[in-house]
Amino acid sequence: MQRDTIFDLIGVGFGPSNLSLAVRLAEEAATSRLAHCFIERQPEFGWHRGMLLDDCRMQISFLKDLVTQRDPKSRFTFINYLFERGRLNDFVNLKSFYPTRVEFHDYLRWVADAFEERLHYGETVTSSEPVHSPGSSKDIGALRVSSCDREGREWQRVTRALSVGIGGAAQVPEAFAALGSHNVIHSSTYLTSIDRVVGKATDAPRKRVAVIGGGQSAAEVFVDMSRRFPHVDASLVIRSGALKPADDTPFVNEIFSPAYTDVVYGQSKDGRRSLIERFRDTNYAVVDRPLIEQIYEMLYLQNVSDDLRHRLLANTGIEAAVRATNGQIELTLRDNLTGLARAERFDALVLATGYRRDTHIALLDGLAPHLGDALVKGDVERDYRLATPEHFKPRIYLQGCCEDSHGLSDTLLSVLALRSDEIVASLAEHAARDRPASRNSAQQKNGMSDGRMAIAL
Ligand SMILES: Cc1cc2nc3c(=O)[nH]c(=O)nc-3n(C[C@H](O)[C@H](O)[C@H](O)COP(=O)(O)OP(=O)(O)OC[C@H]3O[C@@H](n4cnc5c(N)ncnc54)[C@H](O)[C@@H]3O)c2cc1C
């Protein structure tokens, strides 16, 4: 226990965003010396494990890995990962820019393993509180970050900057919120929950499952159910008239270039919103074209064999969801074209209804009285720093929740290599200004210290 450690940076969450930051910090002696660590609630590295389906592919080129766009010569490129795993030539023979998610997950874990000593797995950050500058009742000089480990113990660390990279939280529409989680799951926990919910084919009676949503995750779950669960009849329920393809044509794809962040950021609030809306069909409620074709063929072949187990219910709105006395869920479905409503019962629901991006607000709630309305308004500088008042010195970098200000690439992998560069440049500039001469010398030498204090409960 070192009560006097003050970190230059604590990263909350260790998904691709903060992983990319860890890589960038390690690149230069000066930045690797900054005292920093990362706190991740999972017990080990995991990238959307609940949707790590065997054959699903990346929706982005492997060249947009954690580092290549900034430094193709880095040891942490996807190409070097392939080389070290002995698969470079075999991968070349695939003639694909799009590895499976399983392989990309292995790449990310391979990178994460290099940063183990800066990582605290199995701790959930629960809150952050202001720490006043010495001798000042007004100025806030640092943040006290509290976390809770898997044994229920609480820990605290003090830092001059935070990088919040906590990703999204399952979005559960109002209509389903009261149903509980017994046989209603969100796609984010699909792989870890589905066996429990539908049982194994050998011992389970036939089950009717509704998959709700018109995006990539919904389509992937629908196909997986039809393949792996012969005792399941799956219905894909979508509001729109058809599954729509994600626009990944080259001119449109330019919106995911790092340079486009400046274009979006440079607009007025309305201008930003209108750009995001214009290109929404690159990322939201859309499906990769090959997957659409696969689903179409699957439904066609059912037709040929006159075995209509799986259905695509297009133009269908869900008006109500209630639990029936036998534990099934009754959905009131309205056909948006005819206006007619009907009730259907299902044994389970998979909600592929997307993610909320506002959980950082609760995490930073303890600072709210000092932040003006920057937090609620999403007032973020170009370098991803929350715009804080003059008396509030700590820097809070937000990753993955700045779509409104920085554009559609913010929640994706597209700009990670450059975003981490921008954040580290900002961090290094401020750290040099902030750091008092009397700084703990061991900490300065290697930038590492556990630096946590146990809280007596
Ligand atoms: C199934 C799926 C597939 C995707 N595929 C692609 C793709 O092919 N290409 C692409 O560009 N984007 C893709 N995305 C988008 C995705 O957002 C990014 O790939 C990426 O995960 C963003 O990284 P992140 O670190 O910001 O967030 P996340 O990957 O969500 O990581 C956040 C981390 O923070 C941790 N955490 C959360 N709260 C706390 C807390 N309070 N304390 C401590 N730790 C916490 C979480 O456990 C998690 O590990 C996909 C998303 C999903 C759901």
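Modeller: Start with Trp47. One of its polar side-chain atoms lies 2.9 Å from an oxygen atom of the ligand. That is a polar contact (a pair of N or O atoms within 3.5 Å; within protein, one must be able to donate a hydrogen and the other to accept it, and residues adjacent in sequence count only if both atoms are side-chain atoms). This is a predicted model, where local features need pLDDT of at least 70, side-chain atom pairs count only at pLDDT 80 or more, and totals for chains, interfaces and linings use all residues. Residues are numbered from 1 along each chain as its sequence is written, and side-chain values use heavy atoms, leaving out hydrogens and water.

A backbone N or O atom of Thr411 sits 2.8 Å from a ligand oxygen. For Gly165, a polar backbone atom is 3.5 Å from an oxygen of the ligand. On its own, the ligand has 990 Å² of accessible area, and the protein covers 91% of it. Such areas come from the Shrake-Rupley method with a 1.4 Å probe; for residues, only the protein chains shown count as cover.

Now the whole shell. It has 28 residues, and those that come nearest are Ser17, Glu40, Gln59, Thr411 and Leu413. β4 has the largest share, with three. These names follow DSSP runs, numbered from the N terminus: helices are H or I with at least four residues, strands E with at least two.

Look at α1 next. Buried means under 20% relative accessible area, exposed over 50%, partly exposed in between (1.4 Å probe, protein chains only). Ser17, one of the nearest residues to the ligand, is among the buried ones, as are Asn18 and Leu21. The buried residues of α1 pack against several elements, including β1 (9–12), β2 (36–40), β7 (161–164) and α16 (416–434).

Back to Gly165. It lies in the loop between β7 and β8 (169–170). Its relative accessible area is 10%, so Gly165 counts as buried. Leaving out residues up to four places away in sequence, Gly165 touches Val12, Gly13, Asn18 and Gln399. A contact here means heavy atoms within 4.5 Å.

Finally, return to Trp47. Rings of Phe, Tyr and Trp (its six-membered ring) pair if their centres lie within 6.5 Å; planes under 30 degrees apart are stacked, over 60 edge-to-face, the rest tilted. The model has 15 aromatic pairs by this rule. One of them joins Tyr81 and Trp110: edge-to-face, 5.6 Å centre to centre, 65° between the planes. This pair links distant parts of the chain, with Tyr81 in helix α3 (residues 78–84) and Trp110 in helix α5, 29 residues apart. Tyr81 counts as buried because its relative accessibility is 0%. Trp110 is buried as well, at 12%.

Technical notes:
A residue is near a molecule or strand if one of its heavy atoms lies within 4 Å of it.
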